Amino acid sequence: MRLLKNISRRSFGKLGAGALGTAALPVTPLTTPSLASGQGRAQPKFYAFPEGFLWGCATAAYQVEGAAEADGRGPSIWDTFSHKRGKVYENQTGDVADDSYHLYKEDVQLLKNVGCKVYRFSSSWTRVFPAGTGNPNDKGIDFYKRLADELLSNGIEPYCTLFHWDLPQALQDRYGGWQSRETAKAFADYAGYFTKQLSGRIKNIFTTNEFSSFIDLGYRDGRFAPGLKLAPKELNQARHNAVLAHGLAVQAIRANAQAGTKVGIAENFVIAVPIIEAEPHLQASSKATRVLNAAYMTVVMEGKYVEEYLQEQGANAPKFTSEDLKIISSPLDFVGINVYTPTYVMAEHSRNGFAVVKKPSSYPHMASPWLDIGPEALYWAPRHAGEIWNVKEMYITENGCSSADVLTPDGHVYDSDRIMYLRNYLTKLHRAVTEGWPVRGYFLWSLLDNFEWADGYGLRFGIHYVDFKTQKRYPKMSAQFYKETIARNAVL
Ligand code: PNW
């Protein structure tokens, strides 16, 4: 209904006119004779990516699967949270979402049609262990086998994230979730079991997705499940348990995987962008990247909590052992970086040597109020990871945006702002790759509109529009843009 209301008489007129000329456009690459056959004027290939660059899309289990009670799946904290009144936009839940649990074959065809080489999805812990620990559920494992097989038989390599925020409710009830080391151990057991079962099919595994989102938003701000507002001391311990879970999982995956399996993490570390690309701001941005990510990425990469963090937290600092730090910093095969928005930093004569530059109210953002536009974040994320932490293999595990998409009566979505966003970010990724920062692939968030956490279905991130009443998927103009980008292996 909201959507229909959005199409006022005037804008409908405009869309109608535009649609006349373009409605028949199929989502296929436009042929460019001069490129394809060398006829006519030579066209230089601008912004070309290295051969074999892995283009893909990303999703997460709770956001797309639905089928909340199918085949023995247990409840997660997001089921509980979304069913409480007032937690999610219009009290929406992921009960049905995109129903990808049943429509996964159709979704694999969407990937294939766009030309994706890789797909990043997440496995639902409670499909595999309905109570978090104990007896595994074969039917849950079978779903991921079917999904992986469907991808592989369509020439798409599966990349699986083991934890994208859907913590088993049983572990929240029993241990307070991430407040306990027991949850970290349970995660490692699930990671090991899943790997053993899927290792023949899935060769690339991410442990956790975005510590700050599931810990800080879930256990500090209460905006995400489980909706807690812990005091700093307890919060820091939960943060520690989460990075420990990652490290234990890396070890469990290695112990259970077939040869050739690679392990990494997917993190949205704070991307400190120098306000001016010159000294002393360059140094300030490196320092800021280490300090602002102290509780998560820095300890994972360096095996220590930086002094600035420990001093700042004082008595609230987490309790840990040197053995913990070794586990947390277990070597990784690759690092995944989720890139949305920059944090501008400048040099400052202070103890830390940097200051975060507050954005003015005029700073532009996409439909999500937090999604400030800053394409250079997609250059600085790989550069910092390479320069500071010597990362040798990286992926952009998420990048994309929300738009106020409108489906026209003839089934089109002209999301020119999403195309603008992607084109500009990809241009900066191209700079990073061209300078030699080892980014192997890029996963666009997201394949299709889905359950956007506390924003429910109110904010759309997909390159395919989903009519949540009929479950029909419509490629947006951005899907055509992405298809063309992949076909040319270049930013257009
Ligand atoms: C990521 N922020 O979340 C998640 O990994 C996805 O599940 C999600 O749908 C996507 O980005 C879009 O939101 C984020 O406030 C949530 O900066 C919040 C923020 C960033 C990323």
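How far does a polar side-chain atom of Gln63 lie from an oxygen atom of the ligand? The distance is 2.7 Å. The legends below describe close-up views of a predicted model.

**Figure 1. The ligand and the residues that surround it.** The ligand is surrounded by 13 residues, and the closest are Gln63, His164, Glu398, Glu452 and Trp453. By class, this shell consists of six nonpolar, four polar and three charged residues. Gln63 places a polar side-chain atom 2.7 Å from a ligand oxygen atom. For Asn209, the corresponding distance from a polar side-chain atom to an oxygen atom of the ligand is 3.0 Å. For Glu452, a polar side-chain atom lies 2.6 Å from an oxygen atom of the ligand. Taken alone, the ligand exposes 450 Å², of which the protein buries 88%.

Figure 2. Glu398 counts as buried because its relative accessibility is 4%, below the 20% limit for a buried residue. Its side chain makes a polar contact of 2.6 Å with the side chain of Tyr340. A further polar contact, of 3.3 Å, joins the side chains of Glu398 and Asn338. Leaving out residues up to four places away in sequence, Glu398 also touches other residues, among them Ala58, Arg120, His164, Asn209, Glu210, Phe443 and Trp445.

**Figure 3. Strand β10 between its parallel partners β7 and β11.** Strand β10 is largely enclosed by the rest of the structure, because six of its six residues are buried. Strand β7 pairs with β10 in the parallel sense over four bridges. Within this pairing, Ile337 has Ile396 of β10 as its bridge partner. Strand β11, formed by residues 439–445, also runs parallel to β10 and is joined to it by four bridges. In that pairing, Tyr395 stands opposite Gly441 of β11.

**Figure 4. Strand β5 and its pairing with β4 and β7.** Strand β5 comprises residues 262–267 and is mostly covered, with five of its six residues buried. Strand β4, residues 204–209, runs parallel to β5, and four bridges join the two.

Figure 5. Is Ala249 buried or exposed? Ala249 counts as buried because its relative accessibility is 0%. When neighbours within four places in sequence are set aside, Ala249 is in contact with Phe187, Ala188, Ala191 and Thr207. Ala191 is 58 residues away from Ala249 in sequence, yet their C-alpha atoms are 5.7 Å apart in space.

Notes
Residues are numbered from 1 along each chain as its sequence is written. This is a predicted model: local features need pLDDT of at least 70, side-chain atom pairs count only at pLDDT 80 or more; totals for chains, interfaces and linings use all residues. Side-chain values use heavy atoms; hydrogens and water are left out. Buried means under 20% relative accessible area, exposed over 50%, partly exposed in between (1.4 Å probe, protein chains only). Contact means heavy atoms within 4.5 Å. Two strands pair if DSSP finds at least two bridges between them. A residue is near a molecule or strand if one of its heavy atoms lies within 4 Å of it. A polar contact is a pair of N or O atoms within 3.5 Å; within protein, one must be able to donate a hydrogen and the other to accept it, and residues adjacent in sequence count only if both atoms are side-chain atoms. Accessible areas come from the Shrake-Rupley method with a 1.4 Å probe; for residues, only the protein chains shown count as cover. Ala, Val, Leu, Ile, Met, Phe, Trp, Tyr, Cys and Pro count as nonpolar, Asp, Glu, Lys and Arg as charged, and the others, Gly among them, as polar.
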